[in-house]
Amino acid sequence: MSIAVDRPAVRARTRRRRPLRHVRVHVFLALAALLWLVPVVWTFYTSLRPYEDTAERGYVSLPGSIGFENYTTAFTQGDLPRFFLNSLIITLPAVFVTLFFAACVAFVVSRLSFRFNVALLIVFMAANLLPQQVVLTPLYRMYLQIPLPEFLSESGQMYDSYLGLIVINVAFQVGFCTFVLSNYMKTIPTTLNDAARVDGASVVRQFFGIILPLCRPALAALATLEFTWIYNDFLWAIVLVQSGDKRPITSALAQLQGLYFTDYNLVAAGAMLAALPTLIVFALLQRQFISGLTLGASKG
Amino acid sequence: MYDVRMMTRRSVLQTGLAGLAAAYGLSGCGSDDEPAGNGSDGAAAKPSGTVSFGSNYSDELPKKALQAALDGYAKSSGVEVDLNTVDHNTFQEQINNYLQGSPDDVFAWFAGYRMQFFAERGLATEISDVWEEIGGQYSEAFKTASTGLDGKQYFVPFYYYPWAVFYRKSVFEKNGYEPAANFDEFKALAQQMESDGLTPLAFADKDGWPAFGTFDYLNMRTNGYDFHVSLMRGDESWESAQVKTVFENWRELLPYHQQGALGRIWQDAAQGLVDKEAGMMVMGLFVGNQFSDKDREDLDFFPFPEINPEHGQDAVEAPIDGFMLSQDPENEDAAKDLLTYLGGAEAQSVYLNVDPNNIAASTEADTSSYTPIQQKANELITGAAQISQFLDRDTRPDFASTVMIPAIQKFLREPDDVDGLVKSIEQQKKAIFA
Amino acid sequence: MATDLAAAPRTSGRRPRRRVGRLTTADRVAVTLMVGVPLAVVLAFIWFPTLASIVLSFSSWDGIGGIDTIEWIGTTNYEQIVTIYPPFWPAFRHNLIWLAFLALVPTTFGLLLAYLLDKQIRGSRVYQSIFFLPVVISLAVVGFIWQLVYAPEQGLVNNVLGTTEQGNLINWLGNPDINLWAVLVAAAWRHAGYIMILYLAGLKSVDPALREAAAIDGASEWYAFRTIVFPALKPINIVVLVVTVIEALRAFDIVYVINRGRNGLELLSVLVTDNIIGEASRIGYGSALAVILLVISIVPIVVFVANAFKEES
């Protein structure tokens, strides 16, 4: 990306300078990257060492033996599969509903002009930025009061139910997605709509048939982001769910730490396992992830 | 408002002995105390179904022990117990939400004001009928400890344990140490340990509550049990000379405490005791959880030393752990059956076989299988003139957690500003107890 | 629906005018639902509780028992918080320090990383992934990871520095004078990657012609950056600033996981939860703290929203 200019003097100067500059840059970046990785690598390393090994040799030492026992222990004794399942049960529907709601609102706001478009967007976006603690108590009280049928919630209330967690995550995330999608939809030429309308297509048909498919890149990007954010949520899980076995993985980790306090190796394995889904999503869908963030940002 | 204090009478000695006598008398009499697994007296239908059980017995040993007790129950009853174990600290922190949300039928809790607080607000169901079954096994003091402010019982005791100064016999023998009987001897002992290269007092207060044991004892030894209870109730000023003396006494001991306590959990501090790097630790009997079975034989304790001869070593801090019935249980009959079982000697003995770091609450429990240290603990408590429950069980929960935890942690960081500290505590106390 | 055939293909970003009244009934129902349902959810579960919190902040209530047990005490809670509640001012300070630190250190570092990576050197994708990795990990897990790093006797840092003995032990997380900074390092570790991505996107939108012009004129890189690139990043800067402020105010997970936010790690968000979900249950008091947090947050929220809609109106 350097300057392709036809001035020999400049070219010579930049050519001579470039390798030197880039070497320095490389060294700096490499060092920084190594430092950056240290905490995660350290956790991974610790998780591979059996407790007896570290008890004997200390944590900063070459290992006597290495293995995945901590992982199997964490998985079985820590009851992790259940918590993973809980996370999925909460995250996947929440992502889906959030995106659907956001697309609906974005569609209306970007295609049809109401007086209240801006006000609407503000209502949604500001909600997204509020600190979660502000709604904590009244929300908790509300959840205790709202009854749910048995098949939706074991406890019969919204408190301590998957639906409760899904709803609050949706409420908090829908603003950001609406904003991004509405900006994105504005870039879709209106001629497409117009043609459909002339043909007598209803709003619903336009939405599902034309606009949504065109938003796929943005939706994919947002889905990646939202999956990560909702999966990583911590506060709602510890406040709104009380049954140990309904907790999603991130808050269940605290339980793991409480139950296996001095066994850092086990906690390390648990932490790695908990982070695994997001790491996988990140590895596979990094491009979507980043474009999701930047879609929201660069239009700001 | 909270005047019915459990374990708080001078006469606990007499009533305790009387209770024991009565219990022995009863057991001589016949079959009133059959294994509580059979709960009701046969005339009523046998309870069945499932009972949900919320437990905070999250550490490894207690968890196993509780499971053993429940297995014993499963054998003799038709009730299935659905155990829901939550991390110890988390369970307590979330108790408000838990009890108002959808709590399990039976849940673990503590005696003392902490129990009365929730009972008074209707978050527990009274279980006086369970007490009719098990009452014979308990002294008056225990019954009072399990009684709510309305005179009905809400709590079934399970086990209890004293707080004291723990040490390893081998370490004391090797270095020629003797247990300290008073404050000067205590300081001298700590000094000696320090020069021998040991950490005199293993100490941890990351979770905020372990230091309460030291505070309670210092207060009771310096100012007496009655003052302590009164202070917990909010009836004394924290700015009084008596309270300041407590902190000053503590300040004299602080140099001998393990450094970095605020970043350490008690289990790690106890590890120092296990590893023979620390000489002593002010802790509850459950410190034995950290020891292997073999090492536990080396564990011993001496009562917290006397500071003011007027109060001697009269008071013992011995919190009672047990169970309660939540406000709207799904299976009340079966739950009460379970509670009756747990309040009985058999359940407690089964528990203690696996987790011997406590003492059965029931006077009928077989103490012959107690380890020496359990016997000693039992003697310590039964011989006590007064018994306290622990700071966070003897006072309002909001005062204990939002005021006292940060206050004691602040003291540990800045032991010199006692005046500022007690002033702040007093102001907040007035606001909360108002 | 009559269309504005005069509205020939427009350039992106401009909304055509539609006369709402021309929608069919079915359409109207659809639109109402499409906006109404999400709106209802957000109003009911966010805005209504927020208002309720504000109202509750003037009360004294232990949360148990019905609404009729609430006692109204005016501004007493606020007075107490500001005068006799020991953790409040430290928490306030810590939030400010958190904000200042995040704004100065990881934000500029993120900008630097973005600038360097924007040069399309070899392996920039790998670097990008590495720096961005902490962002996808849950903050709670970040807290666990760094606890392993900072543990007093068995952690990485102390063992590498050799400070694990009683005499020279550095208690990174337990010593209130340094634990905030130790935790800030962890927060920065995460924040920098996030900012880096935002700036990378922003840098891409800086017109290359501008940079070429600067180079032709023989400007040094720093000069070019200062006078051309950075000003061109203004829209992104605002986003970055708002994001940083919001993150600083929201900080909760790491601190809670490490030591429940005590002893040097007090934060306003944790104080709220202490009073509300702890055993303490001082609802009015906690709500007052939440309102204080809300009031402080309003400023960046307004800035963000105003900025976002500058182009609209």
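What percentage of the 434 residues in chain B is buried? Buried residues account for 56% of chain B, a residue being buried if 20 or more other C-beta atoms, placed from the backbone, lie within 10 Å of its own. The views below show a predicted model, in which local features need pLDDT of at least 70, side-chain atom pairs count only at pLDDT 80 or more, and totals for chains, interfaces and linings use all residues. Residues are numbered from 1 along each chain as its sequence is written, while chains are lettered from A and ligands numbered from 1 in the order in which they are written.

**View 1. Chain B and its elements.** Chain B holds 20 helices and 13 strands. Helices (H or I, at least four residues) and strands (E, at least two) are DSSP runs, numbered from the N terminus. Of the contacts in chain B with a separation of 6 or more, 81% link residues 24 or more positions apart; two residues are in contact if their C-beta atoms, placed from the backbone, lie within 7 Å.

**View 2. The two domains of chain B.** Domain 1 of chain B covers 12-161 + 319-364, and domain 2 covers 163-317 + 391-433; such bounds come from an automatic or database domain assignment. The C-alpha centres of these two domains of chain B lie 29 Å apart. Their contact draws 13 residues from domain 1 of chain B and eleven residues from domain 2 of chain B. Helix H5 (residues 113-120) of chain B supplies the largest share of the domain 1 side, three residues. By class, that side of domain 1 of chain B has seven nonpolar, four polar and two charged residues. Here Ala, Val, Leu, Ile, Met, Phe, Trp, Tyr, Cys and Pro count as nonpolar, Asp, Glu, Lys and Arg as charged, and the others, Gly among them, as polar.

**View 3. Helix H13 of chain B.** In helix H13 (residues 266-274) of chain B, the buried residues are Trp266(B), Asp268(B), Ala269(B), Ala270(B), Gly272(B) and Leu273(B). Strand S6 (163-168), strand S7 (199-202), helix H10 (210-223) and strand S8 (278-284) of chain B are among the elements that cover them. Just after H13(B), Lys276(B) takes a positive phi of about 65 degrees.

**View 4. Chain A, built from helices.** Chain A has 13 helices and zero strands. Buried residues form 52% of its 300 residues. Among contacts in chain A between residues at least 6 apart in sequence, 70% join residues at least 24 apart.

**View 5. Where chain A meets chain C.** This contact involves 90 residues from chain A and 95 residues from chain C. On the side of chain A, helix H13 (residues 264-298) gives the most, with 15 residues. The side of chain A that touches chain C has 65 nonpolar, 22 polar and three charged residues.

**View 6. Where chain C meets chain B.** Here 26 residues from chain C and 29 residues from chain B take part in the contact. Helix H2 (76-84) and helix H13 (268-276) of chain C are the elements that give two or more residues to the side of chain C. That side of chain C divides into ten nonpolar, twelve polar and four charged residues.

**View 7. The two domains of chain C.** Chain C is assigned domain 1 (23-56) and domain 2 (88-310). Their C-alpha centres lie 33 Å apart. The contact takes four residues from domain 1 of chain C and six residues from domain 2 of chain C.

Key
Buried ≥ 20, exposed ≤ 12 C-beta atoms within 10 Å, placed from the backbone.
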